[in-house]
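Good morning, colleagues. Please look at the sequence and the structure on the screen while I go through the side-chain arrangements one group at a time.

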Amino acid sequence: MESILEQQRKAHEEIERLEQAIVDQFIKESKSHKERLIREHRVSDFLDRISSRSKFLHELYEDTDGARKTEIDALSGTSEFSEFYGRLKAIKDYHRRYPNETVEPLELEFINQSKQNGDDDEIDKLFSGEEGSGRFLDLHALHEKYVNLKNFKKTDYLTYLSEFDHFSDYPKEHKYNGEYLRYLQELKNYLESFFKRVKPLSNLEDIRNETEREFNEKWTQGKVYGWEKRIGADDDSIDLFCVTCKKAYSKKTVYDAHLKSKKHIKSAKSMIEKGITSIDSETYEKLKKEVDDGKDKREKEIAFTEALIQKYAEILGSQREDTKANVERKRALTDRERRMELETEEVDDVESESEDEDKIYNPLKLPLGWDGKPIPYWLYKLHGLGVEYPCEICGNYVYMGRKAFDRHFQEWRHAHGMRCLGIPNTRHFHEITLIEDAYALWEKLKSTGKTDEFKADTMEEFEDQEGNVFNKKTYDDLKRQGLL
């Protein structure tokens with residue numbers, strides 16, 4: 001059996017290696033939705049292991065049975081050498097009894113984790129075919145339950161995806177039956193399950209607690225949307241309370257019908273048989289308060305479940321919109337097109353795996369050639385592509401190599417920079433990269449009269465129908481006089 005200190009050392013080592021493994025996971029870039037999902041589930045498993053080992057370490061450090069203190073005293077007492085040799089003898093005896101036992105170091109588990117390919121199958125098992133590896137919601141079964149609810153509007157699946165959290169549109173008097181409550185609970189359970197599978201690193205408990213806090217504040221103020229005026233809270237319904245059956249009613253017609261029902265008559269007879277013919281006002285108010293409190297508690301539970309579902313639907317908004325788009329698209333496909341789509345997805349998965357295997361090795365960060373591969377290093381040095389040429393006029397843009405630097409003076413970026421400075425981009429300013437030098441040269445050219453500033457009136461040429469060439473000013477004058 002391992003000593004307490006060795007167990008602590010191993011637990012600390014495992015936690016450190018798990019933390020490093022999490023860092024390694026986030027360093028690698030995820031190229032697809034599935035890769036991101038695999039990474040997040042793997043990191044979630046690592047975090048669970050860290051939590052478990054930390055709890056184990058905490059229990060060891062608490063040392064409730066005093067075993068850790070006893071072991072430390074034995075190692076630091078007067079007989080430390082005898083303790084050392086005793087432990088050494090135990091280790092040798094163990095290896096003598098089990099000479100061929102293989103030991104796998106802890107680091108091998110994390111070294112080989114990037115080579116594991118079984119996570120793809122695990123992710124596929126988490127989701128149904130309709131959910132598409134967590135990209136879409138699968139609410140078909142819940143839609144069936146919703147359609148079968150009594151006194152609720154019947155909708156198709158696409159409309160249901162848009163409106164399944166619009167609880168304020170539902171009539172409140174029909175929200176108390178057992179079928180609706182079961183439907184709400186199943187919808188909440190599905191969204192929570194989907195959330196855990198799609199966002200394993202998000203804390204669902206924190207979201208639930210935050211929603212509950214906001215809900216309680218609004219409920220106390222009576223501002224929960226759809227429950228502002230709760231059933232049984234009206235002044236008109238004070239007398240609509242059946243003491244015999246301990247029920248309150250919101251409508252006079254329903255209350256009158258209840259008084260004639262067999263259930264009420266049977267309850268009234270049983271009360272008479274017990275000798276109860278009348279109830280004083282104090283008992284009446286107490287019974288009514290119990291019924292009102294029970295109804296208020298039930299309404300609060302229903303409203304909180306609806307608020308939770310609305311919160312989950314808000315967080316899963318992107319998956320919800322993608323589901324609606326996917327349903328609309330699939331409705332326009334034939335069976336043959338659906339089969340072809342499935343085959344295409346399988347081919348894309350195979351191609352993505354092959355692309356990962358054919359990664360280009362380019363440690364020197366050389367530019368890529370026409371074939372998509374790094375150019376030879378000698379060519380890189382020949383063209384001077386390692387030399388940087390910054391240009392302040394271009395916004396301190398850096399050009400790699402002399403050829404790119406010489407060519408950029410006629411390109412749009414440099415021309416735009418010169419235009420912003422109010423200086424013409426002529427051949428005089430070739431090799432000028434500093435704004436201060438450009439302004440100094442421009443002032444000198446203006447003072448000596450050697451500017452090549454473009455003047456449209458004298459430099460722009462026009463040709464008439466007979467082939468005669470004029471400058472713009474002469475051409476406009478002749479045209480106004482009607483001589484052309």
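This is a predicted model: local features need pLDDT of at least 70, side-chain atom pairs count only at pLDDT 80 or more; totals for chains, interfaces and linings use all residues.

Tyr146 is buried, at 3% relative accessible area; the term buried applies under 20%, exposed over 50%, and partly exposed in between, with a 1.4 Å probe and protein chains only. Residues are numbered from 1 along each chain as its sequence is written, and side-chain values use heavy atoms, with hydrogens and water left out.

The search of the whole structure for aromatic pairs gives 21. Rings of Phe, Tyr and Trp (for Trp, its six-membered ring) pair if their centres lie within 6.5 Å; planes under 30 degrees apart are called stacked, over 60 edge-to-face, and the rest tilted. One of these pairs joins Tyr146 to Phe152 in an edge-to-face arrangement, with 6.3 Å between centres and 65 degrees between planes. Phe152 is buried as well, at 5%. A further pair consists of Phe405 and Phe409, which is edge-to-face because the planes stand at 75 degrees, with the centres 5.2 Å apart. Phe405 has a relative accessible area of 5% and is buried; Phe409, at 2%, is buried too.

Which residues are linked into a cluster by ring pairs? They are Tyr146, Phe152, Tyr160, Phe164, Phe167, Tyr170, Tyr180 and Tyr183.

An aromatic ring also takes part in another arrangement: the charged end of Arg413 sits over the ring of Tyr397, 3.9 Å from the ring centre. For this description, NZ of Lys or CZ of Arg must be within 6 Å of the ring centre and within 35 degrees of the ring normal.

I turn now to salt bridges. The count is 26, where a salt bridge is a side-chain nitrogen of Lys or Arg within 4 Å of a carboxyl oxygen of Asp or Glu.

In helix α2, residues 33-62, Glu40 and Arg36 are 4 residues apart, about one turn of the helix. Their closest N and O atoms are 2.9 Å apart in a salt bridge. Glu40 is buried at 14% relative accessibility, whereas Arg36 is partly exposed at 24%.

In helix α3, residues 67-76, Asp73 and Lys69 also lie 4 residues apart, about one turn. Their salt bridge spans 3.2 Å from N to O. Lys69 is exposed at 52%, and Asp73 is partly exposed at 40%.

In helix α4, residues 80-97, Arg96 and Asp93 are separated by about one helical turn because they are 3 residues apart. The N-to-O distance in their salt bridge is 2.6 Å. Arg96 is exposed at 58%, while Asp93 is partly exposed at 22%.

Salt bridges also link Glu6, Arg9, Glu13 and Arg17 in a network.

Helix α4 also holds Tyr85, which is exposed at 52%. Together with Phe81, Phe84 and Leu88, Tyr85 forms a nonpolar surface patch with about 460 Å² of accessible area. A patch is made of residues with over 30% relative accessible area and no salt bridge; nonpolar side chains (Val, Leu, Ile, Met, Phe, Trp, Tyr) are joined within 5 Å, and like charges within 9 Å. Accessible areas come from the Shrake-Rupley method with a 1.4 Å probe, and for residues only the protein chains shown count as cover.

Next, the backbone. Most residues other than glycine have a negative phi. Asn396, in the loop between β3 (388-391) and β4 (397-400), has a positive phi near 60 degrees and is exposed at 56%. Glu431, in the loop between α18 (412-421) and α19 (435-448), has a positive phi of about 80 degrees and is partly exposed at 36%.

Finally, the chain as a whole. It contains 21 helices and 6 strands, and 28% of its 484 residues count as buried. The chain exposes about 33,300 Å², of which carbon and sulfur atoms supply 51%. Of the contacts (heavy atoms within 4.5 Å) between residues at least 6 apart in sequence, 54% join residues at least 24 apart.

Definitions and conventions: Helices (H or I, at least four residues) and strands (E, at least two) are DSSP runs, numbered from the N terminus.
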